[in-house]
Amino acid sequence: KTDWIQGAYRGLFELRGDCYVYASAAKCLLTRAGIENMDIGFSTARRTHYWNLIDLGSGWHHFDTTRRTDGKAFFYCKDAEIRAYSDAHNGSHAYNPSQYPAIR
């Protein structure tokens, strides 16, 4: 969980991984496509989760490539949406907002 390039490689070439691998593979593809992005995540004793923030020119939004068991997808979603989901799903995205730019 310390080398995103290794995580991206695992996802893109070994076709397996966890949320860190998915976020790393997304970072690789987003960067190559020229899309501004950054890593986001959190870790507690009970849970760890990683995903990306993207800026397509109108400010930062959440982009989580990890499949959710309920089918929910997070592409270019607003902070309020991901926080509401997190609150309803045991803190699935309980990150510290002071560590990141303002997310729309």
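User: Which residues make up the largest nonpolar core?

Analyst: This is a predicted model. Its largest nonpolar core has twelve residues: Ile40, Phe42, Trp51, Leu53, Trp60, Phe74, Cys77, Ile82, Tyr85, Tyr95, Tyr100 and Ile103. Two or more residues each come from strand E1 (36–43), strand E2 (48–55), strand E4 (74–77) and helix H3 (79–88).

User: What makes it a nonpolar core?

Analyst: Its members are buried residues of the nonpolar set, joined through side-chain atoms within 4.5 Å. In soluble globular proteins, nonpolar side chains tend to be buried together.

User: What does Tyr100 touch, beyond residues up to four places away in sequence?

Analyst: Tyr100 touches Met38, Asp39, Ile40, Gly41, Leu53 and Tyr95.

User: How many aromatic pairs does a search of the whole structure find?

Analyst: Eight. One of them joins Tyr20 and Tyr50, with 5.1 Å centre to centre and 75 degrees between the planes.

User: Why is the pair of Tyr20 and Tyr50 called edge-to-face?

Analyst: Pairing needs ring centres within 6.5 Å, and edge-to-face needs planes over 60 degrees apart. Tyr20 lies in helix H2 (residues 19–32) and Tyr50 in strand E2, so the pair ties together parts 30 residues apart in sequence.

User: What makes Trp51 and Tyr95 an edge-to-face pair?

Analyst: Their centres are 5.9 Å apart, with 75 degrees between the planes. Those values lie within 6.5 Å and over 60 degrees, so the pair is edge-to-face. Trp51 is in strand E2 and Tyr95 in the segment after H3, 44 residues apart. Both Trp51 and Tyr95 are buried. Ring pairs link Phe42, Trp51, Tyr95 and Tyr100 into a cluster.

User: How do you know that Phe63 is buried?

Analyst: Its relative accessibility is 16%, and the cut-off is under 20%, so Phe63 counts as buried. Phe63 sits in strand E3 (residues 60–64). Leaving aside neighbours within four places in sequence, its contacts are Ala26, Leu30, Trp51, Asn52, Ile54, Phe74 and Phe75. Phe63 and Cys77 are 14 residues apart in sequence and 6.8 Å apart in space, C-alpha to C-alpha.

Methods: Residues are numbered from 1 along each chain as its sequence is written. This is a predicted model: local features need pLDDT of at least 70, side-chain atom pairs count only at pLDDT 80 or more; totals for chains, interfaces and linings use all residues. Side-chain values use heavy atoms; hydrogens and water are left out. Buried means under 20% relative accessible area, exposed over 50%, partly exposed in between (1.4 Å probe, protein chains only). Helices (H or I, at least four residues) and strands (E, at least two) are DSSP runs, numbered from the N terminus. Contact means heavy atoms within 4.5 Å. Rings of Phe, Tyr and Trp (its six-membered ring) pair if their centres lie within 6.5 Å; planes under 30 degrees apart count as stacked, over 60 as edge-to-face and the rest as tilted.
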